[in-house]
Amino acid sequence: MADNKFQIRLNLYDTELSVKIPREEEEYYRSAAKLINETVNTYFSLFKGKKSDKEILYMSMLHIALQLKKDETRNDTEPFNKLLSDLTSEIESVLKK
């Protein structure tokens with residue numbers, strides 16, 4: 001099986017990070033790096049000189065993680081899956097009669 005991974009360099013705030021990634025996920029990695037940079041730059045523009053660099057980075061991480069958790073909640077399909085399963089069972093019961 002061919003190794004479908006390759007090396008890319010991502011600039012994350014003030015750090016260049018070299019990562020080996022699956023080729024088909026490159027767009028996700030680059031998009032994630034862009035989101036990180038935008039978030040960190042926004043927080044640095046608001047809090048530079050008021051908070052330490054470490055605190056600002058943690059605030060940025062918390063912001064991104066919070067958005068991720070909110071998105072997970074909005075995309076929870078379990079209630080719909082249960083409803084579909086219940087409806088399917090009812091339809092099958094009626095069809096058997």
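Reader: Is Leu87 buried, partly exposed or exposed, and what is its relative accessible area?
Author: This is a predicted model, where local features need pLDDT of at least 70, side-chain atom pairs count only at pLDDT 80 or more, and totals for chains, interfaces and linings use all residues. Residues are numbered from 1 along each chain as its sequence is written, and side-chain values use heavy atoms, leaving out hydrogens and water. Buried means under 20% relative accessible area and exposed over 50%, with partly exposed in between (1.4 Å probe, protein chains only). So Leu87 counts as partly exposed, at 39%.

Reader: Which helix holds Leu87?
Author: Helices here are DSSP runs (H or I, at least four residues), and strands are E runs of at least two, numbered from the N terminus. Leu87 sits in the one spanning residues 78–96, helix α3.

Reader: In β2, what is the bridge partner of Arg9?
Author: Two strands pair if DSSP finds at least two bridges between them. β1 (residues 5–12) and β2 (residues 15–22) have eight, running antiparallel. Arg9 is on the uncovered face of β1, along with Lys5, Gln7 and Asn11. Its partner in β2 is Ser18.

Reader: Which residue in the hairpin turn has a positive phi?
Author: β1 and β2 make a hairpin with two residues between them. The one with a phi of about 55° is Tyr13.
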